[in-house]
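My notes follow the structure.

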Amino acid sequence: IDEALTLLKNTNGITLLTDSDMHLCCSANGEFAQLNNEMSDYFLKMIVDKIKEYKPEYITASDLHCLQYIDAYLKAQEEENIEVIPLPDILCATGNI
């Protein structure tokens, strides 16, 4: 996570918004989400609600599974105003790779 954050902090053309609470696990990786649907959904909603507080245009995550999980949630909620972009796509688009 530190390496991804360092890359993003040094990327020209973006304004990076971070939050100390965003270390929370969305539970997309592993059996937890499958065995504890309600709790997993609760964690995911907490994360997305926190993201929405910042009113971002784009979001990314260092964990692709987490990013896909958040993306699916946003699409189900019809949140068309937040685009989910994988970290490598950001770095390629800004010429940092």
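**Entry 1: salt bridges**

I am working from a predicted model. I asked how many salt bridges there are. The count comes to four.

**Entry 2: aspartate 49 and lysine 45**

I looked up this pair in helix α3, which spans residues 37-53. The side chains of aspartate 49 and lysine 45 form a salt bridge, with N to O at 2.6 Å. Aspartate 49 and lysine 45 are four residues apart, about one turn of the helix.

**Entry 3: lysine 50 and glutamate 53**

I stayed in helix α3 for lysine 50 and glutamate 53. The closest N and O atoms of this salt bridge are 3.7 Å apart. The cut-off is 4 Å, so the pair counts. Lysine 50 and glutamate 53 are three residues apart, and about one helical turn separates them. Glutamate 53 is at 55% relative accessibility; the limit for exposed is over 50%, so it counts as exposed.

I then checked what else joins this pair. Asp19, Lys50 and Glu53 are linked in a network of salt bridges.

**Entry 4: lysine 75 and aspartate 71**

I moved to helix α4, residues 64-76. Lysine 75 forms a salt bridge with aspartate 71, and the closest N and O atoms lie 3.3 Å apart. The two residues are four apart in α4, about one helical turn. Lysine 75 is exposed, at 55% relative accessibility. Aspartate 71 is partly exposed, at 22%. Buried means under 20%, so aspartate 71 does not count as buried.

**Entry 5: the largest nonpolar core**

Which residues make up the largest nonpolar core? I list twelve: Leu44, Ile47, Val48, Ile51, Ile59, Cys66, Leu67, Ile70, Tyr73, Leu74, Ile82 and Val84. Helices α3 and α4 each supply at least two residues of this core. The most come from α4, which gives five.

I picked isoleucine 70 to follow its contacts. Neighbours within four places in sequence were left aside. Isoleucine 70 is then in contact with Leu44, Ile47, Val48, Ile51 and Ile59.

**Entry 6: a second core**

I also found a second, separate core of six residues. Among them are Ala4, Leu8, Ile85 and Ile90.

How values were computed. Residues are numbered from 1 along each chain as its sequence is written. This is a predicted model: local features need pLDDT of at least 70, side-chain atom pairs count only at pLDDT 80 or more; totals for chains, interfaces and linings use all residues. Side-chain values use heavy atoms; hydrogens and water are left out. Buried means under 20% relative accessible area, exposed over 50%, partly exposed in between (1.4 Å probe, protein chains only). A nonpolar core is a set of buried Ala, Val, Leu, Ile, Met, Phe, Trp, Tyr and Cys residues joined through side-chain atoms within 4.5 Å. Contact means heavy atoms within 4.5 Å.
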